[in-house]
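Here are some notes to read with the structure open beside you. Take the points one at a time and find each residue as you go.

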Amino acid sequence: MKSFFHFITAHLLFLSQAKPSAHDQSYDRSASVFSPKGNIYQVNYARMAVGKSMTSVGVKCKDGIVFCGSKRKLKLKDPKFIEKIGKIDDHVVCVSSGLSADCNQLLRECRHRALEHHLQFQEHIPIQTFIQSLSDILQVYTQVGGVRPFGVSFIFGSYIKAKGFEMIQTDPSGVYGSFNVAVIGRDAEKVLSDMNSAFVEGKLDSVESALIE
């Protein structure tokens, strides 16, 4: 119980969004400049873009992984073109929150990396391998002048027989971590708090019970 609350606290800090003071605003124009307080505000702005988008949830259960993504309803747009859940390979699926264009660009990179690995080694790419490649791209865009960080976060789910189910969440800074429950997007803290209660009560042990929740 105690370790789980430590996980929740770390997760909320992971999604924290620092706003610049008037004194620090001169440091928020570049992703390659630290403010005197040690912040990179362009990264925080990227997190804000994720925090304003529709909510996405991932839950790792004993018998599978459940993804849920809410979509913004637009009467004049075909809902088929609003993608929240994407397939990377036969064994990897993800859900995202943030800027759609950034999401599409990074998904193409992930699919290319997965295909490249399969052609070279004749096996599915381990999730840690392509997550590391993705995090390298995200991190580079936080320290190069003339570019901005990607305003998108992902929750990836994978299954390989030798390792079972794995679920990993990424951050615009390039940081990533493995979670049993992950929430990104609007109202993430509130939804995560609700999921915390369900997790502690054992209501998320199976895919069937997670879908009910």
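This is a predicted model: local features need pLDDT of at least 70, side-chain atom pairs count only at pLDDT 80 or more; totals for chains, interfaces and linings use all residues.

1. Which cysteine sulfur is closest to that of Cys94? The one in Cys103, at 6.2 Å, which is too far for a bond. A disulfide needs two cysteine sulfur atoms within 2.5 Å, and a search of the whole structure finds zero disulfides. Cys94 itself is buried, with 2% relative accessibility. Cys68, in contrast, is partly exposed, and its relative accessible area is 49%.

2. Next, have a look at the aromatic rings. A pair of aromatic rings is described by the distance of the centres and the angle of the planes. This structure holds four aromatic pairs. One of them joins Phe130 and Phe156, whose ring centres are 5.2 Å apart and whose planes make an angle of 85°, an edge-to-face arrangement. Phe130 belongs to helix α4 (residues 127-140) and Phe156 to strand β5 (residues 152-160), so this pair ties together parts that are 26 residues apart in sequence.

3. Stay with Phe156 for a moment, as it also pairs with Phe154. How are the rings of Phe154 and Phe156 placed? Their centres lie 5.3 Å apart and their planes meet at 35°, so this pair is tilted. The label follows from the cut-offs, because planes under 30 degrees apart count as stacked and those over 60 as edge-to-face. Together, Phe130, Phe154 and Phe156 make up one aromatic cluster.

4. Now turn to the charged residues. Side chains of opposite charge can pair when their charged atoms come close. In this model there are five salt bridges, including one between Asp171 and Arg47, with the closest N and O atoms 2.9 Å apart. Asp171 sits in the loop between β6 (164-170) and β7 (176-178), while Arg47 is in helix α2, so the pair ties together parts that are 124 residues apart in sequence. Both partners count as buried: Asp171 has 1% relative accessibility, and Arg47 has a relative accessible area of 18%. The value for Arg47 is worth checking against the cut-off, because buried means under 20% relative accessible area.

5. How many of the 11 residues in α2 (residues 41-51) are buried? Eight of them are, and the helix is mostly covered. Among the buried residues are Tyr41, Val43, Met48 and Val50, along with Arg47 itself.

6. Asp102 pairs with Arg148, and their closest N and O atoms are 2.8 Å apart. Asp102 is buried, at 7% relative accessibility, whereas Arg148 is partly exposed, with a relative accessible area of 43%. The other bridge links Glu116 and Arg113, with the closest N and O atoms 3.8 Å apart. Glu116 is partly exposed at 39%, and Arg113 is partly exposed at 24%.

7. Please also check two backbone angles. Gln122 has a phi near 55°, which is positive although the residue is not glycine. Gln122 lies in the loop between α3 (100-121) and α4 and is exposed, at 61% relative accessibility. Asp187 also has a positive phi, near 60°, and is likewise a residue other than glycine. You will find Asp187 in the loop between β8 (181-184) and α5 (188-200).

8. Finally, follow β8 into a sheet. In what order do the three strands of this open sheet run? The order is β2-β1-β8, with antiparallel pairing. The edge strands β2 (64-69) and β8 each pair on one side only. On average, neighbouring strands are turned by 10° against each other, direction ignored. Strand β1 (residues 56-61) is joined to β8 by four bridges, and Val57 has Val183 of β8 as its bridge partner. Helix α5 packs on the sheet and touches β1 and β8, with its direction at about 165° to that of β8.

Terms used
Residues are numbered from 1 along each chain as its sequence is written. Side-chain values use heavy atoms; hydrogens and water are left out. Rings of Phe, Tyr and Trp (its six-membered ring) pair if their centres lie within 6.5 Å; planes under 30 degrees apart count as stacked, over 60 as edge-to-face and the rest as tilted. Buried means under 20% relative accessible area, exposed over 50%, partly exposed in between (1.4 Å probe, protein chains only). Two strands pair if DSSP finds at least two bridges between them. Axes are lines fitted to C-alpha atoms, for helices over the stretch in contact, and angles run from 0 to 180 degrees between N-to-C directions. Contact means heavy atoms within 4.5 Å. A salt bridge is a side-chain nitrogen of Lys or Arg within 4 Å of a carboxyl oxygen of Asp or Glu.
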